[in-house]
Amino acid sequence: MKWEECKDYGALSRRAAEILLAAIRDDPRMVLGLPTGRTPVGMYERVIAECSRQYHCFRDVTTFNLDEYAGIPRDDPGSYFTYMKHHLFDHVDLGPENAHIPHGDAPDLDAECVRYEREIADAGSLGLTFLGLGQNGHIGFNEPGTPFDSRTRVVELSHSTRVANADLFADRKVPSHAITIGIGTILESKRIVLLASGESKREAIARLKSGDIDESFPASALWKHADCLVLSA
Ligand code: GLP
């Protein structure tokens, strides 16, 4: 695992955007794994700014989001689909058919998970995946206790995760369940970049740095990956 300590959130966002843009410049058919949450907002802003100056930044790129809430429609203001439209998709030339997010409102959620996992495999698996970090060490929505070989599935969100994300819902009512790609799915990505910023992530970053690999702390699975960079600020 490689570590880069950025001087502040702006520097972290610039560095993350630079890595993303270099990856799609080197391979215009890159398959990206993309996170939501507050942390990657600055990265997306910089990516959009840069892509408005270049033609066809995302024309041949494929993206897979890590997760989506279950039981809410795609156009719900709190959905990750809405988040991605707002923070990236509406501003770059990524074809809607190439932008994948689990359907949290699918009639059969288990079948949707199987379909999503197959779509990732059909795309040749994830090439470069960006991750945020939950205060309890979750990655995607893989909560503590998740087996490291887990695949895309429906999960129940922990109380602490629902409290942490309550601000992102107008009525503060966070859905109880979500679809997330698994830790096994994440570990098959060729490269991984984890982003963590701010006081609320200090403890989780310290625990990750300790090097203890344990399923009670999902992000520690990243120690098993050969090409993982942690950007913290
Ligand atoms: C949510 C997302 C995660 C994200 C985490 C951290 O729970 N499902 O993928 O990494 O929040 O979010 P934030 O960046 O807002 O702290």
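The link between C51 and C57 is left-handed, with -85° about the S-S bond. The two sulfur atoms of this disulfide (a pair of cysteine sulfur atoms within 2.5 Å) are 2.4 Å apart, and a search of the whole structure finds 1 disulfide. The structure is a predicted model, in which local features need pLDDT of at least 70 and side-chain atom pairs count only at pLDDT 80 or more, whereas totals for chains, interfaces and linings use all residues. Residues are numbered from 1 along each chain as its sequence is written, and side-chain values use heavy atoms, with hydrogens and water left out.

Both C51 and C57 are buried, where buried means under 20% relative accessible area, exposed means over 50%, and partly exposed lies in between (1.4 Å probe, protein chains only). C6 is likewise buried, with a relative accessible area of 10%, but its sulfur is 14 Å from the closest cysteine sulfur, that of C228, and is therefore too far away for a bond. C113, for its part, has a relative accessible area of 3% and is therefore counted as buried.

C113 is one of the buried residues of helix α4, which also include E112, Y116, E117 and I120. These residues cover an arc of only 135° around the axis, so they are on the same side of α4; the arc is that of the directions from the helix axis to the C-beta atoms. On the other side of α4, A121 and D122 are exposed. Helices (H or I, at least four residues) and strands (E, at least two) are DSSP runs, numbered from the N terminus. The 14 residues of α4 (residues 109-122) should span 20 Å at 1.5 Å a residue, and the C-alpha atoms at its ends are 20 Å apart, in agreement with this value; the expected span is 1.5 Å times one less than the number of residues.

The cover over the buried residues of α4 includes the strands β3 (62-65), β5 (99-100), β7 (153-156) and β8 (177-180), together with helix α6 (183-187). At the N-terminal end, α4 is capped by D108, a side-chain oxygen of which lies 3.2 Å from the backbone nitrogen of D110. This is a polar contact, that is, a pair of N or O atoms within 3.5 Å; within protein, one must be able to donate a hydrogen and the other to accept it, and residues adjacent in sequence count only if both atoms are side-chain atoms. After α4 comes G124, whose phi is positive, near 90°.

Apart from residues up to four places away in sequence, E112 touches I101, P102, H103, A106 and I179, contact being defined as heavy atoms within 4.5 Å. I101 is found in the loop between β5 and α4 and, at 3% relative accessibility, counts as buried. When neighbours within four places in sequence are left aside, the contacts of I101 include N65, R74, F81, M84 and F89, as well as E112 and Y116 of α4. I101 and D26, which are 75 residues apart in sequence, are 24 Å apart in space, C-alpha to C-alpha.

Two further loop residues were examined. S125, in the loop between α4 and β6 (128-131), is buried, with a relative accessible area of 19%; with neighbours within four places in sequence set aside, it is in contact with V31, I120, E188 and K190. F169 lies in the loop between α5 (159-164) and β8 and is buried, with a relative accessible area of 6%. Although F169 and P77 are 92 residues apart in sequence, they are 7.4 Å apart in space, C-alpha to C-alpha. Beyond its neighbours within four places in sequence, F169 is in contact with Y69, I72, D76, G78, V174 and P175.

Around the ligand are G37, R38, T39, D67, Y80, G132, L133, H138, G140, F141, N165 and K201, a residue being near a molecule or strand if one of its heavy atoms lies within 4 Å of it. Polar side-chain atoms of T39 and N165 each lie by an oxygen atom of the ligand, at 2.4 Å for T39 and at 3.1 Å for N165. For Y80, a polar side-chain atom lies 3.3 Å from a nitrogen atom of the ligand. D67 and Y80, listed among the residues around the ligand, are also in contact with I101.
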